[in-house]
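Here are my notes on the model you sent over.

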Amino acid sequence: MSRLTIALLPGDGIGPEVVAEGARVLRAVAERWKHEIELREGLIGGCALDARDTPLPPETIELCRSADAVLLGAVGGPRWDNPAARQRPEQGLLGLRRELQVYANLRPVKVHPSLAVASPLRAERLEGVDFVVVRELTGGIYFGDKRREQLPHGGERAIDECVYTTSEIERVTRVAAQLARTRRRKLTSVDKANVLETSRLWRSTVTRVLRDEFPDVALDHLLVDACAMQLLRDPRGFDVIVTENMFGDILTDEASMLAGSLGVLPSASLGDDVEGQRARRGLYEPIHGSAPDIAGRGIANPVGTILSVALMLRHSFGLEQEARAVEQAVAATIDRGCVTADIAPCGARSYSTADVGGAIAEALTSISRQVHSRA
Ligand code: IPM
Ligand code: MG
């Protein structure tokens, strides 16, 4: 039996709806596998701005630091979109990633066979697609200096600095190469080395780390524009992709279309192992945003969040059997057509967020029975 202390940060828009289903699945896992679980909620993003006048209240940081893992929904929405605002909901999320030092963001892309029809790509291109994007998460243009200057003869100048250090590149490369070792031993590093200085440092650093520490992993380099094309032309060719913060953000939204919907992709953001602690601190979130257009209607897809729970069980708690059971429960529920509108085949019935979450929790019960009777 393990004791799992998890911070829940539902956030804005559809965040609360999908996190409720993630929590339901966590409770189901705890019950079926006899773990003790403690879920503690906190505020982040726009709702925190409203209630506490900051997108990342200090008590939320404290809550996340004292938990073994964090499950987050989404932040942002049109209510807080005023470009002149001093504070934005997104600063809460970026601040939390930075506070927790979760520099490696794993975004697995796997095409579930019965969802191939939901993808705008032809089904035969999608068979067997299975790769992971490792996105650097706490550096680059997201965190560089940002400023605006008035020009003497009118108009303004806006500056976003993009900064990377050798050690920031080394540590995320190691996470990606380790992961490749557990898979097909193929790593693709994505940059824009023909234009950007940070990309030239990126490329030479990745090359050196692989040569010195991972000679058994095959490395190739792709420019980000070519990668965007290759993701649609031959997605099966990828195993592990490692890339900087903004390229990773953009490429994974593109990649989600292979899997049928932005709503089905999970992510795990990991830092270093904490010495003496069993759990590796992690922040888990679906890759989709707050989807304000459908918020509150009970139709958001909870699969990205529930698969993020599976990643949490695997990476933060080392509970591989439970993680697989959650993934199987999701697959079984999709296979029997219990899906939300974003992935329901044309003309087929679609189900609510809570229906799908409930069906996955139920499927988990029968899977846990099989697992326990085999043991
Ligand atoms: C993501 C999101 C965030 C990002 C936004 C909400 C700041 O798009 O997690 O991919 O750009 O990192
Ligand atoms: Mg994004």
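1. Thr188 itself belongs to strand S8, and S8 runs parallel to S10, with 4 bridges joining the two. Keep in mind throughout that this is a predicted model.

2. Is Thr188 buried or exposed? Its relative accessibility is 1%, so Thr188 counts as buried, the cut-off being under 20%. Setting aside neighbours within four places in sequence, Thr188 is in contact with Asp220, Leu222, Phe238, Val240, Ile241 and Val242. Three of those names, Val240, Ile241 and Val242, come back in the next point, on S10.

3. Strand S10 covers residues 240-243. Val240 and Val242 point one way from S10, while Ile241 and Thr243 point the other way. All of these are buried, whichever way they point. As a reminder of the background, side chains in a regular strand alternate between the two faces of the sheet.

4. Which other strand pairs with S10? That would be S5, in the parallel sense and over 4 bridges. If you want a residue pair to click on, Val132 has Val240 as its bridge partner in S10. So you can walk from S8 through S10 to S5, using the definition of pairing by at least two bridges.

5. S5 (130-136) also pairs with S4, this time in the antiparallel sense and over 7 bridges. Here the pair to look at is Arg107 and its bridge partner in S5, Val133. S5 is mostly covered, with 6 of its 7 residues buried.

6. On to the largest pocket, which has a volume of about 1000 Å³. It is lined by 37 residues, and those lying nearest its centre are Pro108, Arg183, Leu311, Arg314 and Glu327. By class, the lining splits into 21 nonpolar, 4 polar and 12 charged residues.

7. Where does that lining come from? S4 (104-110) and S5, the antiparallel pair from point 5, each supply at least two residues, as do helices H6 (166-181), H10 (303-315) and H11 (320-335). H11 gives the largest share, 6 residues. In terms of domains, at least three residues come from each of domain 1 (1-110 + 260-375) and domain 2 (120-259).

8. The second largest pocket has a volume of about 340 Å³. Of the 19 residues lining the second largest pocket, Leu93, Arg97, Asp249, Ile287 and His288 are the closest to its centre. Sorted by class, this lining has 9 nonpolar, 3 polar and 7 charged residues.

9. Strand S3 (69-74), helix H4 (89-100) and helix H9 (245-256) each put at least two residues into the lining of the second largest pocket. H4 gives the most, with 4 residues. Domain 1 and domain 2 each contribute at least three residues to the lining of the second largest pocket.

10. How many cavities of 30 Å³ or more turn up in a search of the whole structure? The search finds 1, and the largest cavity has a volume of about 40 Å³. Its lining is made up of Tyr164, Val190, Asp191, Thr198, Ser199, Trp202, Glu244 and Phe247, which divide into 4 nonpolar, 2 polar and 2 charged.

11. S8 (186-191), the strand that holds Thr188, is back here: S8 and helix H7 (197-213) each supply at least two residues of the cavity lining. H7 gives the most, with 3 residues.

12. Finally, two backbone angles to check. Most residues other than glycine have a negative phi. Lys34, though, has a positive phi near 60°. Lys34 sits in the loop between helix H1 (15-33) and strand S2 (36-41), and Lys34 is exposed, with a relative accessible area of 61%.

13. Gln101 is the other one to look at: its phi is positive, about 55°, although Gln101 is not a glycine. You'll find Gln101 in the loop between H4 and S4. At 33% relative accessibility, Gln101 counts as partly exposed.

How values were computed: Residues numbered from 1 in each chain as written. Chains lettered and ligands numbered in written order. Predicted model: local features only at pLDDT ≥ 70, side-chain atom pairs only at ≥ 80, totals over all residues. Heavy atoms only, no water. 1 Å grid on protein atoms, 1.4 Å probe; cavity = no way out; pocket = protein on both sides within 12 Å on 5 of 7 lines; lining within 4 Å. Points joined across faces, edges and corners; volume = space filled by probe spheres on them. Nonpolar A, V, L, I, M, F, W, Y, C, P; charged D, E, K, R; others polar. Domains from an automatic or database assignment. Buried < 20%, exposed > 50% of the residue type's maximum accessible area, 1.4 Å probe, protein only. Contact = heavy atoms within 4.5 Å.
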